[in-house]
Amino acid sequence: MTSAAGLALSSSGLTKRYRGGQLAVDGIDLAVPAGSVYGFLGPNGSGKTTTIRMLLGLMQPTAGSHDVLGLPMPAGQARALPLVGSLVEGPAFYPHLSGRANLARLDAADRTANPSTLQDRIDRALDRVGLLAAADKRYRAYSLGMKQRLGIATSLLRQRALVVLDEPTNGLDPQGTREVRALIREIAADGTTVFVSSHLLAEVEQTCTHVGVMRTGKLVYQGSLAELRGQARLLVKTPKPDQAATVLRDLGLTGVTQDSQEVRADLGTMLPEVICERLVLAGVPVAGLETPRRSLEDEFVELTGEGFDVD
Amino acid sequence: MSTDARRLADPVLASTEVAIDRPRQHRPDADTAGASGPVPAWFRFFSSELRLVFGRPRNLALLGVLALVPIFFGIVFRLTLSAPTGPGNGPAFLNQLAGNGVFLALVVLSLTLLLLLPLAIAVIAGDSVAGEAGLGTLRGLLTVPAGRSRLLAVKYAVIGVFSLAACLEISALSLIMGLVLFHTGPVTLLSGTTISLGAGVVRILLVTVYVALGLTSLGAIGLAASTLTQHPVGAIAGLLVIAIASEICDQVPQLSSIHSFLPTHYWLSWDGLFRAPIDWSGMTHGLVSFAVYAVVFGSVAWAKFTSADVTS
């Protein structure tokens, strides 16, 4: 077991079963390394938001335990959560108040925040998300993108050790999405751990160092992005796929699949030229042999059995 | 103990060490309030809640409507002063009004307690938690973290302040209208004794505070209802139905065995203040009833809210 000090978020067997009996989150063991940008991936409805709600104390887990910043929850909430900035399931603010007044309201609820630096901190947070010019406009009059950015600004109101962003680019145009990505990099560059959930591939592929992939309530993959993408595959084009598949299995390769024209397998540590030689020696006609580098999307589809909503 | 050892011993420090090691942005003293800040943290949250409730256009409109009631009835009673109402007809103290304008405050308080004051409290109390849930702002407050018990305590305190403000507004405007439109002078009590105008105004203030406490105990039912739903309208309507049903049941003699358990039963039990010597028995029963309602439904709200999953 990893020591708690190295993990910004960790959970063990975290489970949520709704009253109706539906299992929304099924015993997941999260390990979010401190200082990482962790992409929490999964199709809509796979349990991402429910997990985040449990991590932040909005929901009680049915089973399992979790730590935030090394403190066991829910006992450590009052100490840990002021160091956690979060945007859960879209921005929500008082429509009749300005952006500035909305941030001040949240800060007033924080018993550990310093009121004498409030205006300074609000200006800084709004400036970082590009909302300073609209600071005194009513929230009601904000565009969808501005609302989303105000949501992110709340997580920047104080220096945080961890920022949790649930679908931060929902409703943003491509320009806004780019800005959020840049902001995530900037937050991470300060040493803050960023936990960002998304069903959008590009968002994660370009900014994250680690990923966790959810499928129907289960965490089906967790690791660094480099590991996930580094699993090289082998593709053999041949008119005799049955024969080729047998050879590959005899060589100890895993994940062998075949159709009428080609055979695929996990390359593992084996060299492609060795495999080619064995195939030829076994009398398999090799029409082509490739080691395609798989895209994250391929990995994702394989892990979840579903496609992304690629914008 | 070395710095690193201390960090390992303290999980929060350990996990924030990257941030702490980067002095560029991190200014711990700028973000974090000292132990002895100039404003206590609870007061900051409480005044933010006050500004939210009293700054909301809908609530201001509600207070505006309440302000019209003393003006309206002041004028109506002044114009109909010559038409006598028999004893037992019309609200309490209406017959004293011709003799002394200060009684307008008691008449208007009695009339607004029938519908408008319970409605105002239902709006504030029903909206308190359900409104935040409906807007989605509840999850923001809870992840701050505001603390669930603390949030509930602040919400209830502001319901109490709003009750008092609404009652004071009605009493103050009624006194002004009474002074302008009617004779005023030393106040003749129900028992025939006369006290000075100033002493009469003090007793009206006591009535106002007593009525506000009654409304605040109703507010505890509203707070509990508000933790059960994400739809403020449901909680508001529910509380209003409870208040009106209680007032109606209180009028049905066949239900006399349950009258003293109704939440609104003691709302008008302040007439002992206008006897000499003051008869405290009705108000004492009332205060006990208010306290029981506040404690029971405050506990219901707390039990529900501190264990609920926030899904809004």
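**Burial, cores and sheet architecture**

Of the 312 residues in chain B, 41% are buried (20 or more other C-beta atoms within 10 Å of the residue's own, with C-beta atoms placed from the backbone). The model is predicted, so local features need pLDDT of at least 70 and side-chain atom pairs count only at pLDDT 80 or more, whereas totals for chains, interfaces and linings use all residues. Residues are numbered from 1 along each chain as its sequence is written, with chains lettered from A and ligands numbered from 1 in the order in which they are written.

In chain A, helix α1 (residues 48-55) is mostly covered, with eight of its eight residues buried; helices are DSSP runs of H or I with at least four residues, strands are runs of E with at least two, and both are numbered from the N terminus. Gly57(A), which follows α1(A), has a positive phi near 85°.

The largest nonpolar core has 152 residues, of which Ala153(A), Leu162(A) and Val194(A) touch the most other members; such a core is a set of buried Ala, Val, Leu, Ile, Met, Phe, Trp, Tyr and Cys residues joined through C-beta atoms within 7 Å. A second, separate core of eleven residues includes Val236(A) and Leu279(A).

An open antiparallel sheet of chain A comprises four strands in the order β13-β14-β12-β15, where pairing requires at least two DSSP bridges between two strands. Because β13 (257-258) and β15 (288-290) of chain A each have a single partner strand, one side of each is left without a neighbour in the sheet. Strand β12 (residues 233-237) of chain A pairs with β15(A) over three bridges in the antiparallel sense, and Leu235(A) has Glu290(A) in β15(A) as its bridge partner.

Terms used
A residue is buried if 20 or more other C-beta atoms lie within 10 Å of its own, exposed if 12 or fewer, and partly exposed in between; C-beta atoms are placed from the backbone.
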